[in-house]
Amino acid sequence: MWKNILLNFWQTLRRPSLHYSLGFLVVGGFIAGIVFWGGFNTTLELTNTEEFCISCHEMRDNSYEELKTTVHFSNKSGVRATCPDCHVPHNWTDKIARKMQASKEVWGTIFGTIDTREKFLAARRNLAEHEWARLKANDSLECRNCHHFDYMDFTLQNTRAVEQHSTSLASGEKTCIDCHKGIAHELPDMQGVDGW
Amino acid sequence: MKNLIMVSISLSLLILSFTLTAQAEEIATLRDGTAISEQKKPNFIPKIVNTDILHARNYPMQPPLIPHKIRNYQINLEVNKCLSCHSRSRTEDSQAPMVSVTHFMDRDGNFLAEVSPRRYFCNQCHIPQADIKPLVGNTFKDMHTLMKEKIRDMKVH
């Protein structure tokens, strides 16, 4: 039965259109393409907002509450980072790749893998290690979207910062996340982490 | 007799009210004279001295001041941000001063392998210096200055 249906469908596709003009199909297809693509991208961008992230209590009560106390939330110039600024690549292909990985987070939400504070704390090291690995692999791309090395004024930094930035960071031996862990959220138990 | 009682009561009330107002003024000194029933307009939060240059200790046992900012430094069961530079194993990389060996002692004077739990919470004793004028005057002289003065006085006499 399925074979027949598929065969029918294939034969319909292969035949020239009987009832619709070529113009209708081309223009209609074009418009439908805009609608579908626009809809897809709008939905994608909708899932790329802080409101979406903190619409689940796991993020609202844990990660977001911790972010609120840091300089990436409130500071003298009023420029702040939202969740996707650091956790989703800005480049489209990388973003899609990350979004596909994030389907695992939908699974987590449905089955409540971190739906209590205790579960979240127990999973924190694992969650953090994923983010450290991701930022290490892309040379802290999400940091560098705002913090450009080329425009850092070492004369405005304190001596300790200059020492690190002008040597290890400048030579590419280290990247931002190697030292700046736990800047927006609390750290897990750091036993065995390099540099702790 | 009745008059005497009245006079003594009013006198004591007067004295009481004097002492109360005096006390109220005393309390108000650090509040810039704001009435006790009112909320004082908060002062500016001062900047933290962030020069990385060690401050002299005012007396030998003073816990050294932290010469840098420590905003959002996490010190809890999970992690101690201070020790990520100041612990024994980290000082070679960080070139930060190592925690004093006294911090490895428990309260019976036995040396432990790690920083003693009672010394774990650094900012219980160590604090950064805010860039402010002192609120009240201070005539404290450390032992060194006192000894120098004493020797000088002995030479004079």
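**Exercise 1.** Determine whether B:Asn72 counts as buried, partly exposed or exposed.

*Solution.* A residue is buried if 20 or more other C-beta atoms, placed from the backbone, lie within 10 Å of its own, exposed if 12 or fewer do, and partly exposed in between. Because B:Asn72 has 14 C-beta neighbours inside 10 Å, B:Asn72 counts as partly exposed. As for its place, B:Asn72 belongs to the loop between α1 and α2 of chain B, where helices (H or I, at least four residues) and strands (E, at least two) are DSSP runs numbered from the N terminus. B:Asn72 also has a positive phi of about 65°, although it is not a glycine.

This is a predicted model, in which local features need pLDDT of at least 70 and side-chain atom pairs count only at pLDDT 80 or more, while totals for chains, interfaces and linings use all residues. Residues are numbered from 1 along each chain as its sequence is written, and chains are lettered from A and ligands numbered from 1 in the order in which they are written.

**Exercise 2.** Work out what class A:Ser140 falls into by its C-beta neighbours, and describe its backbone.

*Solution.* A:Ser140 has 21 C-beta neighbours inside 10 Å, and therefore counts as buried. A:Ser140 sits in the loop between α8 and α9 (141-144) of chain A; its phi is positive, about 55°, although A:Ser140 is not a glycine. Just after α8(A), A:Asp139 takes a positive phi of about 55° as well.

**Exercise 3.** Find where confidence is lowest and where it is highest in chain B.

*Solution.* Chain B, which has four helices and zero strands, averages a pLDDT (the predictor's confidence in each residue, from 0 to 100) of 85, and 83% of the residues score at least 70. Confidence is lowest in helix α1 (residues 2-28) of chain B, at a mean of 61, and highest in helix α2 (residues 83-86) of chain B, at 94. Where pLDDT is low, the predicted coordinates should not be read in detail.
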